[in-house]
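Please open the model in a viewer and keep the selection panel at hand.

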Amino acid sequence: MYSLRMSIAFAGTAFVPYFLGQQLWTIPLTLGVVAAGLSDIDDRFSVRIMNLVYTYIGFFITAASVQLLFPYPFAFALGLISSCVLWILLGSLGRRYATISYGCLVVSVYSMLGVHLFDHWYQQPILLVIGAIWYGLISTISFLLFPIRPVQDKLAKCYSTVGDFLYAKSNLFDVDMTPQSFEQSTFGLSMENGKLVTTFNDMRTALLTRLKGDRGQRDTRRSLQYYFVAQDIHERADSAHIDYQQLAQVFAHSDILFRFQRILSLQGKACKDMSESILQRRTYQHNPRFEHAFNNLRKSLERLKQRQDYDLIWINALFALYQNLKSIDVQLRNLETERHINLDKTHTLEQQLSDDDLKGWHDIVVRIRQNLSPESVLFRHAIRVSVVLLIGYIFVQVTHIEYGYWILLTALFVSQPNFNATKRRLRLRIWGTLVGIILGYAILYFIPSLEGQLLLLIICGVLFFELRSKQYAQATAFMTILALINFNLDGMGFAAVMPRFIDTVIGCALAWFGVSFIFPDWKFRRLPRNIRRVFEAECQYLSEVAQQYQEGRNNGLNYRIVRRAVHRADADVASLISTLVTEPDVDRTQKKLAFKFLCLNHTFISYIAALGAHRNKIDDPEVLELLKHAITQIKAMLLNDENHHFNTALILQQIRERLQQNEQDNAESLIILQQLSLMFGLLEQLSYLKQSLSHESDEHANAWASL
């Protein structure tokens, strides 16, 4: 559907001017479609129309400003740097404004490239907007025909990513695991968790905007229920009931871990099948092998318990894990049954979504103020990009380099908020441009006919949009071919080949210079702040879980907010640490400590998730009091750096003494005691790593400040 939409859009911009005898119009019309496609966001119909109007106004003002100020270099330079900062900071107001702002920045550079194409200042801005309107018309018709399709696509991606997470989780049940492979598996699981959190956030945004304008659409409410089930599966799959390294050693010569690993793999495949069923709009068929696999796993657990060769604590942990996987199986088995999807309760407290949209002018002022500081990543990125574009503009004015505004376009596309992403993009950009130039030159030489080139323009435009978020180098290659065909419409196709490559290299160099020396955003500087943030989220999550052991299970909005917050904070830390290896002047000690922290912290969250997965009201005052004291001690060590060894040892001793009497406790009490024991086993290491990494980061910050 997306490819068909883009094919129609590019076909219109290519062949309508051809039949009208105004072939030069193809250039701004096509660029208008590209800018509109980059600015397109999924939303309900009323908001979508409003977004399109904002986009068209922004495009015209931007393009007209470039046309009118272009003859006055000093005024143009001031306008360039101020508008760039303004557009980027506007992104702090939310996703829709960030997307529209980016489109306006792209239009500003596109306007520079075509400023001499037409005699009157208003012609190019109008044609750019007409191209955007043409794309918007096609996009709106597609939305009206298939309003729920974008939500279903995101929902399918949710279940596919949950499947990837389950596959990654199954690697922790490898009996041949070494300390190195365990760390690699934990790191991989943490990265998959980050991808899943991002996917969940996209899905939540799509559902929220649909539900605001919901008129009883059954598909929307069904998608909401599917989303909640995916979140519940994630919490259960992320749970850890035991130390997996010790588990592999204790049960190295038993089949029990293979059975757990196999079921997790089967459930990962089931989530992939669910994703495919959603995409194909067919009924999901649960794999009948699950029943046999669970029966055999249960029998193996019973035999282990009867043999009495293993500590009962290990056996209880395995039984708890079995119940967790069984609950995932029930969720998948019953997901599409009408009795499971109770659409009449969509607006109850347990089926609400948190709304992060702007509530009025006060929210606008607060968000803008929050980003008017060098501490803000967005502010640093705005200053960095605007200075880079200004340097590029001055360079073009001084050198009069041919097609020099490609330098600004390249710098804009390559520049990212962090060093790692920028470095990766500039490498892919150069390779993609080189391949595109070679292919583009061959196309211009071997296909001289205008009709053939216009047909290839359509194909390249479609492939660019298909690949831009998956394969950036290939997408760049197709965009380069499209640009060369566009320039050939003005008779300058062959002449633009070498300038395109040279300008791309210069633009990439400017982007590298900006991210390295203009407000350099080295990740290690933000590491202590992110560690503090993830610890705060973990303590809130743990407190909310503990409250439900007192009051009873509740899937209300507050619980889901704190659960989402802890996973988002963990994903931020994982992303941050994964980029340390690419940054300059980061020593091996810090890298080793950071990766160790990442593995231990994700394990700690998994221990809390296990508590959350089994949360039910208990009536044991002694266990509840122990849970309360344990949380107080955890907060003291993680948030306040209070290293009270005596208190920690005392609470841990009480937990272990109670565990030795586990036959007197119910299942929930045993799980609380077991999970607290596991968490206290990591406390001192996490506290030590927090202080060590904070100390290392301070030293690096001071070293950079002295340069």
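Throughout, buried means under 20% relative accessible area, exposed means over 50%, and partly exposed lies in between, with a 1.4 Å probe and protein chains only. The model is predicted, so local features need pLDDT of at least 70 and side-chain atom pairs count only at pLDDT 80 or more, while totals for chains, interfaces and linings use all residues. Residues are numbered from 1 along each chain as its sequence is written, and side-chain values use heavy atoms, with hydrogens and water left out.

**Whole chain.** Begin with the C-alpha trace, which fills a box of roughly 90 × 65 × 50 Å along the principal axes. The radius of gyration, taken over C-alpha atoms, is compared with a globule rule of 2.2 Å times the number of residues to the power 0.38. For 707 residues a compact globule would come near 27 Å, and the 28 Å of the chain agrees with this. Of the 707 residues, 55% are buried. Colouring by secondary structure shows 26 helices and zero strands; these are DSSP runs numbered from the N terminus, helices being H or I of at least four residues and strands E of at least two.

**Helix α23.** Select residues 588-613, the 26 residues of α23. The distance from the first C-alpha to the last is 37 Å, close to the 38 Å expected at 1.5 Å a residue, where the expected span is 1.5 Å times one less than the number of residues. Because 20 of its 26 residues are buried, α23 is largely enclosed by the rest of the structure.

**F76 and Y393.** Next, display the aromatic side chains. Rings of Phe, Tyr and Trp (its six-membered ring) pair if their centres lie within 6.5 Å; planes under 30 degrees apart are stacked, over 60 edge-to-face, and the rest tilted. By this rule there are 30 aromatic pairs. Zoom to F76 and Y393, whose ring centres are 4.8 Å apart with planes at 35 degrees, so the pair is tilted. F76 belongs to helix α4 (residues 73-90) and Y393 to helix α15 (residues 377-399), so the pair ties together parts 317 residues apart in sequence. F76 is buried at 4% relative accessibility, and Y393 is likewise buried, at 2%.

**Charges over rings.** A charge sits over a ring if NZ of Lys or CZ of Arg is within 6 Å of the ring centre and within 35 degrees of the ring normal. Select K305 and F319: the charged end of K305 lies over the ring of F319, 5.6 Å from its centre. Then select R500 and W406, where R500 is over the face of W406 at 4.8 Å from the ring centre.

**Cysteines.** How many disulfides does a search of the whole structure find? It finds zero, a disulfide being a pair of cysteine sulfur atoms within 2.5 Å. C84 is buried at 1% relative accessible area, and C271 is buried at 0%.
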